[in-house]
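Have a look at the model first, then read on.

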Amino acid sequence: MKLFTGNAHPELAEKVANQLGVELGKMMTTKFADGEIRLMIDESARGNEIFLIQPTCFPTNDNLMELFIMLDAFRRASARRITVVMPYYGYARQDKKVKPREPITARLIADIIQNCGADRVLSIDLHAQQIQGFFNIPVDHLYGGPILGRYFVEKGLREDKDVVVVSPDVAGVGRAKSLSDMLECQFVVIAKRRPEPNKVEVVEIVGDFVGKKCVMIDDMIDTGGSIINGAQALMDRGAREVIACCTHPVFSRNAPQNLQDSCISEVVTLDTIPIGPEKQFEKLTILPAAPLIANAIRRIHLNESVSALFNDWK
């Protein structure tokens, strides 16, 4: 087994390697004068099981292209099996046609990854469950919810009877239900509509949340508009406190400052995406994803069950 990483999130790859007790493989990645990616594997890959760690976050197009080139290089280097470890799956939000003449980019990326030579994919909290079906190769779908849940249990939220879990939209009900089971509390659903991308309007809030501490959970926070508007609606209608949590801290545009200035008391996230100093703020709590990824890689390598990692996530 050998681990390699592109330039998307080398810090995470280093942490995963440390968890597994192995060294990251040697690979050179530079650019030609015109900006094209130049890549060279600096050690033998013949007959090895290769894991490529590369979340397809910003700059998404560069990171995806680097992943495709890595796949081609290892396929031509006679690797026995290549697993793409994508903690964050980019281009996932267009997973179906909503309007005429729209692409399905989540399927397009899946097709390219397969055609480039991937034998398996490992990802965390896909934006839409059906993305697994876009692949004709095995997809190991990990959940960040148990990491978030254990953090809240350690903070005593399971014993607090005035806690409710909130789904910021109908699509996230399953995720909210699983977290509410871990915290042994009820869950609430926000019904909203999107007049256009990155804009949201709260229509109704279903469930009992008045006077309670609300834990909003989502797969990602991008501009923060959805989470902030939902939190403000909860507070305006009688919630005592709102905590936000997610798996993927995309934090586009002014999201860090907007989250810091919002009514949200704490934002909890995993480090599936690099969180540079410019994206960190006082209310932010970062939990490590490396132990989960390393455990999954170890189980894949040893042909053991990956779903056994989530026995406490219903």
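Among the elements covering the buried residues of helix H4 are helix H5 (173-183), strand S11 (213-221), strand S12 (241-249), strand S13 (266-270), strand S14 (284-287) and helix H8 (290-301). Helices (H or I, at least four residues) and strands (E, at least two) are DSSP runs, numbered from the N terminus. This is a predicted model, so keep the ground rules in mind: local features need pLDDT of at least 70, side-chain atom pairs count only at pLDDT 80 or more, and totals for chains, interfaces and linings use all residues. Residues are numbered from 1 along each chain as its sequence is written, and side-chain values use heavy atoms, with hydrogens and water left out.

**More on H4**

- In H4 (residues 145-154), 7 of the 10 residues are buried, so the helix is largely enclosed by the rest of the structure. Buried means under 20% relative accessible area, exposed means over 50%, and partly exposed is in between (1.4 Å probe, protein chains only).
- The buried residues here are Gly145, Pro146, Ile147, Leu148, Gly149, Tyr151 and Phe152.
- After H4 comes Gly156, which has a positive phi, near 90°.
- Val153 also sits in H4, and it counts as partly exposed at 22% relative accessibility.
- Leaving aside neighbours within four places in sequence, Val153 is in contact (heavy atoms within 4.5 Å) with Arg158, Glu159, Met182 and Leu183.
- From Val153 to Ile124 it's 29 residues in sequence and 21 Å in space, C-alpha to C-alpha.

- Strand S4 (residues 49-53) is mostly covered, with 5 of its 5 residues buried.
- In a regular strand, side chains alternate between the two faces of the sheet.
- Both faces of S4 are covered: Glu49, Phe51 and Ile53 are buried on one side, and Ile50 and Leu52 on the other.
- Strand S1 (residues 2-5) runs parallel to S4, and 4 bridges join them. Two strands pair if DSSP finds at least two bridges between them.
- Leu3 has Phe51 in S4 as its bridge partner.
- S4 is also joined to strand S5 (residues 81-86) by 5 bridges, again running parallel.
- Opposite Ile53 you'll find Val85 in S5.

**Val163 in strand S8**

- Val163 belongs to strand S8 (residues 163-167), and at 2% relative accessibility it counts as buried.
- Neighbours within four places in sequence aside, Val163 is in contact with Leu157, Cys185, Gln186, Lys213 and Val215.
- Val163 and Ile113 are 50 residues apart in sequence, and 42 Å apart in space from C-alpha to C-alpha.

**The chain as a whole**

- You can count 8 helices and 14 strands in the chain. Its radius of gyration is 20 Å, close to the 20 Å the globule rule gives for 314 residues, so the chain is as compact as a globular protein of that length. That radius is taken over C-alpha atoms, and the globule rule is 2.2 Å times the number of residues to the power 0.38.
- Taken along the principal axes, the C-alpha atoms fill a box of roughly 60 × 40 × 35 Å.
- Of the 314 residues, 54% count as buried.
- Among contacts between residues at least 6 apart in sequence, 61% join residues at least 24 apart.
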